[in-house]
Amino acid sequence: MGGRGSSSGLSNGSGISTVERKICHDEVESAYLFDTDGNVIFSKSDNTKNYVTFSEEQVKQFEDNILTHNHPGGSTFSCEDVSLLTYSKMQEIRATTSKGTFSLRADKDSKSYEKGSLAFSEDYSYSIYLRTKHCDGVYEKLLKDYRNFRIDEVEFQKGCDALNSGMAEFRNTWLEENSHKYGYIYRFQGR
């Protein structure tokens with residue numbers, strides 16, 4: 001098995017790369033499911049900036065296939081993305097942005113890989129939960145300072161942007177440092 005380009009960790013099938021170039025700058029999220037030969041199985045968009053929903057019948061088609069989707073905000077995988085990858089037993093999930101494409105692929109040769117194991121998504125989600133809990137406290141302080149006129153709107157926005165950027169970096173670093181422990185290969189390929 002393994003789609004074209006799977007040795008590099010990023011699928012390079014012409015269909016996948018063509019779709020990713022088409023959707024990487026879109027302002028709404030859309031998703032395309034490909035088979036390992038690079039053929040589109042289906043595509044979907046809910047015309048929202050942050051998510052695409054799938055029916056149970058669609059999720060059943062994910063096993064051993066490749067899902068690519070765009071992240072208009074430019075960040076790496078959400079907890080929902082990683083959960084979908086492990087739950088559905090996908091071969092690879094990809095998130096394309098204006099700066100490049102993130103890839104999270106099952107390394108079926110790894111002794112750590114267990115098809116269908118939810119440990120990876122559960123540990124990722126818990127780490128994000130703990131980090132979010134910390135960020136919520138920082139945000140509440142920023143908001144209080146803004147409401148009490150200790151900082152202006154520009155300072156408040158800078159603080160919020162720094163929190164969002166820090167959270168995105170945390171998710172990226174966690175995946176870089178931990179994916180291999182669960183039998184997955186995490187990569188980013190810039191444009």
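Which residues does Leu67 touch, not counting residues up to four places away in sequence? I began my notebook with that, keeping in mind that the model is predicted.

**Entry 1, Leu67.** I found Leu67 touching Ala31, Tyr32, Leu33, Phe54, Phe62, Leu84, Met90, Glu92, Ile93 and Arg94.

Next I looked up the largest nonpolar core, which has 35 residues. Leu67 is among the members that touch the most others, along with Phe62, Phe77, Leu104, Phe120, Leu175 and Tyr184. Several elements each supply at least two residues of this core, including strand E1 (30-34), helix H4 (119-147) and strand E6 (184-190). I also noted a second, separate core of 6 residues, with Ile23, Tyr32, Phe34 and Ile66 among them.

I then turned to aromatic pairs and got a count of 16. I picked out Phe120 and Tyr184, a stacked pair with 4.9 Å centre to centre and 20° between the planes. Phe120 sits in helix H4 and Tyr184 in strand E6, so this pair ties together parts that are 64 residues apart in sequence. I checked burial too: Phe120 has a relative accessible area of 1%, and Tyr184 has 4%, so I wrote down both as buried. Ring pairs also link these two with Tyr113, Tyr124, Trp174 and Tyr182 into a cluster.

My last stop was the largest pocket, with about 720 Å³ of space. Of its 27 lining residues, I listed His71, Ser75, Thr76, Ser78 and Arg171 as the closest to the centre. Helix H5 (153-178) gives the most to the lining, with 6 residues. I sorted the lining into 9 nonpolar, 12 polar and 6 charged residues.

Technical notes: Residues are numbered from 1 along each chain as its sequence is written. This is a predicted model: local features need pLDDT of at least 70, side-chain atom pairs count only at pLDDT 80 or more; totals for chains, interfaces and linings use all residues. Side-chain values use heavy atoms; hydrogens and water are left out. On a 1 Å grid over the protein atoms alone, a cavity is a set of points where a 1.4 Å probe fits but cannot get out, and a pocket is an open set with protein on both sides within 12 Å along at least five of seven lines; lining residues have an atom within 4 Å of a point. Grid points are joined across faces, edges and corners, and a volume is the space filled by probe spheres set on the points. Helices (H or I, at least four residues) and strands (E, at least two) are DSSP runs, numbered from the N terminus. Ala, Val, Leu, Ile, Met, Phe, Trp, Tyr, Cys and Pro count as nonpolar, Asp, Glu, Lys and Arg as charged, and the others, Gly among them, as polar. A nonpolar core is a set of buried Ala, Val, Leu, Ile, Met, Phe, Trp, Tyr and Cys residues joined through side-chain atoms within 4.5 Å. Buried means under 20% relative accessible area, exposed over 50%, partly exposed in between (1.4 Å probe, protein chains only). Contact means heavy atoms within 4.5 Å. Rings of Phe, Tyr and Trp (its six-membered ring) pair if their centres lie within 6.5 Å; planes under 30 degrees apart count as stacked, over 60 as edge-to-face and the rest as tilted.
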